[in-house]
Amino acid sequence: IMMKKANKKLGNPAVAAAVGAYASQRPDVVGKGVKIGFILLGLSVVAVGGMAFYYLYWQHRFVPLNYNTNYAPSSITPSEAKIKAESLYKAMYGMGTDFSSVYEAFKGVNYNAFIDIYNAFGKRKPADDMSFIGTSNYLTLTEYLKSDLSKSELEKIRSLTKIKGLF
């Protein structure tokens, strides 16, 4: 089998001359072609950026829960919910979990108060997250509880709050 030699020439000189002659006679057509090329390049860059934003951030955004009007109003204020959310995060973040702080945060919490805490918690970075971009690994409060606590510990929280089927 013979290997074909790489052609380092410009190609057919007659075609190159014809294209050059046409471009010199019709610079407006060539200019439109270049503009269309730049527009397509720009659209491609925007499309790739949009897909990256959607995948890294929008798809994994936090969606807050709404109050259930069939239950009693929240038993805590929004500022108490923020404090409880912070104490829960500090209790569960890192190696090991401070179970007494978790249980303390849920004492006397009704359904709509849990919604307040859940929304104040939002989505937070877990201790084992090694990603440097995006929020795909961030966890909501219920995801954090399920990943950090055993079934018996979750049952204890359910009994403290008397909320059935919440997590």
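At 36% relative accessibility, E86 counts as partly exposed, a label that covers residues between the buried class (under 20% relative accessible area) and the exposed class (over 50%), as judged with a 1.4 Å probe and with protein chains only. This residue belongs to a predicted model, in which local features need pLDDT of at least 70 and side-chain atom pairs count only at pLDDT 80 or more, while totals for chains, interfaces and linings use all residues. Residues are numbered from 1 along each chain as its sequence is written, and side-chain values use heavy atoms, with hydrogens and water left out.

The partner of E86 is R124, and the two form a salt bridge in which the closest N and O atoms are 3.0 Å apart; the term stands for a side-chain nitrogen of Lys or Arg within 4 Å of a carboxyl oxygen of Asp or Glu. Because E86 lies in helix α3 (residues 78-92) and R124 lies in the loop between α5 (111-121) and α6 (141-148), the pair ties together parts that are 38 residues apart in sequence. R124, at 12% relative accessibility, counts as buried.

Side chains of opposite charge can pair when their charged atoms come close. The structure holds three salt bridges, and another of them joins R158 to E155, with 2.7 Å from N to O. R158 counts as buried at 19% relative accessibility, whereas E155, with a relative accessible area of 46%, is partly exposed.

There is also a salt bridge between K107 and E104, whose closest N and O atoms are 3.5 Å apart. Here K107 is partly exposed, with a relative accessible area of 47%, and E104 is likewise partly exposed at 47% relative accessibility.

From these pairs we can turn to the chain as a whole. The chain contains seven helices and zero strands, where helices (H or I, at least four residues) and strands (E, at least two) are DSSP runs numbered from the N terminus. Of its 167 residues, 27% count as buried. If one takes the contacts (heavy atoms within 4.5 Å) between residues at least 6 apart in sequence, 66% of them join residues at least 24 apart. Finally, the accessible surface of the chain, computed by the Shrake-Rupley method with a 1.4 Å probe, comes to about 12,000 Å², and 64% of this surface belongs to carbon and sulfur atoms.
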